[in-house]
Amino acid sequence: MRIRHLVHSCLLVELGGRRVLVDPGAFSAEAVRALGPEVLSAIDVVAITHQHTDHVSRALLAEVLAASPDAVVVAESETATLLEQADAGPMGEGPAVPRGRTLSLAAGAAHVFPAAAGEPELRIEAVGGRHAIIHPDIPRVGNCGLVLRAGEGPRLGITGDSLEPVPEFHGIDVLAFAVVAPWSKMSETIEFLREVRPVLALPVHEAVASELGRPIFLRQSAALAPAGTEVRDWGVDGEVEL
């Protein structure tokens, strides 16, 4: 498994001979475009945790789908419905996703993709179900955490905008967690890591922090993480390989 961080919560995950682009939001547009046509044309799945524009930009998604005509979109159920509607909605301006290219993913469900040549099949499972509370006056939207796995290889968990310690994240091999968010505080992030105890924790959702502020959240997450959990920052190339 190879994971590449493309700003904020966007990841390019290579496993089982397939490429999965996760949460291509507005903050990540430049980094996604910089992948170039060769990489973009080989994307198999675009996986989306929820409808907020920092996790899915309709305009950027349209570019990705145009570059990779065989890619399908696996999205949290509310998000999948909105993507197929003509109006822009909360995801910014851009065309609707053609029907037939979107697969709805509700909590507890999974999509299994056939094995690539010589590789195990790819499984994408949804966990959780609701966005963290931003403010009581703001309605909560759907949010599906994701668990990606190819055969018996390492499992990658992706929280989206939630710190719900769902059983599927407990002891998981790799977890991409929101290290800082408008809806969280540092103590909640640390208690979440202490409860689920991933082997490796990778920080995402940090574009909302300044360059000066980001290290504070990462440093405390690493210092206060439970025994057996490594909180690792992305390298210069933004990649982690397992």
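Which residues in helix 5 meet which residues in helix 6? In this predicted model, Met186, Thr189, Ile190, Leu193 and Arg194 of helix 5 meet Ile216, Phe217, Gln220, Ser221 and Leu224 of helix 6. The residues of this contact divide into six nonpolar, three polar and one charged. Helix 5 also packs on a sheet, where it touches strand 11, strand 12 and strand 13.

**Helix pair**
- The axes of helix 5 (residues 186–196) and helix 6 (residues 214–224) come within 10 Å of each other and cross at roughly 35°, and the crossing is right-handed.

- Arg197, which follows helix 5, has a positive phi, near 50°.

- Seven strands form an open sheet of mixed pairing, in the order 7-8-9-10-11-12-13, and its edges are strand 7 (110–113) and strand 13 (230–231), each of which pairs on one side only.
- Strand 9 (residues 142–150) and strand 10 (residues 156–158) run antiparallel and are joined by three bridges; Val147 has Gly157 in strand 10 as its bridge partner.
- Where helix 5 packs on the sheet, its direction makes about 160° with that of strand 11 (174–178), and its contacts include strand 12 (200–204).

How values were computed: Residues numbered from 1 in each chain as written. Predicted model: local features only at pLDDT ≥ 70, side-chain atom pairs only at ≥ 80, totals over all residues. Heavy atoms only, no water. Axes fitted to C-alpha atoms, helices over the stretch in contact; angles between N-to-C directions. Helix = DSSP H or I, 4+ residues; strand = E, 2+ residues; numbered from the N terminus. Left-handed = near helix turned anticlockwise from the far one by under 90°. Contact = heavy atoms within 4.5 Å. Nonpolar A, V, L, I, M, F, W, Y, C, P; charged D, E, K, R; others polar. Pairing = 2+ DSSP bridges.
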